[in-house]
Amino acid sequence: ARDPQDFQKVLLKFPHITQDVDGANPSTLTADSGIYREDTRILILKGHVHADNSKDSAFATEEAIVNTRTGSVTGPQAIQGQTNVGNVKSGSFDVYDKGDRVIYKGGVHARLNQH
């Protein structure tokens, strides 16, 4: 629904975003709520935010800020996740290069599995 006070703002309930739908490994991003700003192309997701690339990783946090123009994601709150090489927890995170590069910050704890 559009915000009646600001037509650039779209209010979302239970957003479900799928990228690369027809690809071999589509990724999904879900949350309890979201706000999308058409003027800045920024999507703010809040509440039970889950990311899953259907191939080798899944992450959970309470907030994620997605720049739909650049594809980068910032997480100002704690995150925990599982990947094909182990588990990770941190106080915040940044995702760049369409998920190829992730920077974990603040109280990072990881367990890496031997292959």
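**Close-up views of strand pairing, core and backbone**

**View 1. Glutamine 80 stands opposite lysine 89 in β10.** The model shown is predicted: local features require pLDDT of at least 70 and side-chain atom pairs count only at pLDDT 80 or more, while totals for chains, interfaces and linings use all residues. Residues are numbered from 1 along each chain as its sequence is written, and side-chain values use heavy atoms, with hydrogens and water left out. Strands are DSSP runs of E of at least two residues, helices are runs of H or I of at least four, and both are numbered from the N terminus. Strand β9 (residues 79-83) runs antiparallel to β10 (residues 86-90), with five bridges between them; two strands count as paired if DSSP finds at least two bridges. Two residues separate β9 from β10 in this hairpin.

**View 2. β9 also pairs with β7 in the antiparallel sense, over five bridges.** In this pairing, isoleucine 79 of β9 is the bridge partner of threonine 61.

**View 3. The largest nonpolar core has 13 residues.** Such a core is a set of buried Ala, Val, Leu, Ile, Met, Phe, Trp, Tyr and Cys residues joined through side-chain atoms within 4.5 Å. Buried denotes under 20% relative accessible area, exposed over 50%, and partly exposed the range in between (1.4 Å probe, protein chains only). The members touching the most others are Leu29, Leu45, Val49, Val66, Val73 and Phe93. Two or more core residues come from each of β6 (42-52), β7 (57-67) and β11 (92-96). Beyond its neighbours within four places in sequence, valine 73 is in contact (heavy atoms within 4.5 Å) with Ala64, Ile65, Val66, Phe93, Asp94 and Val95.

View 4. Most residues other than glycine have a negative phi. Arginine 41, however, has a positive phi of about 60 degrees and lies in the loop between β5 (33-37) and β6. Its relative accessible area of 34% makes arginine 41 partly exposed. Histidine 48 likewise has a positive phi, near 50 degrees, but is placed within strand β6. With 48% relative accessibility, histidine 48 is partly exposed.

**View 5. Glutamine 19 belongs to strand β3 (residues 16-19).** Glutamine 19 is classed as exposed because its relative accessible area is 51%. Its contacts, apart from neighbours within four places in sequence, are Pro26 and Ser27. The C-alpha atoms of glutamine 19 and leucine 29 lie 8.5 Å apart, with the two residues 10 apart in sequence. Leucine 29 is among the core members that touch the most others.
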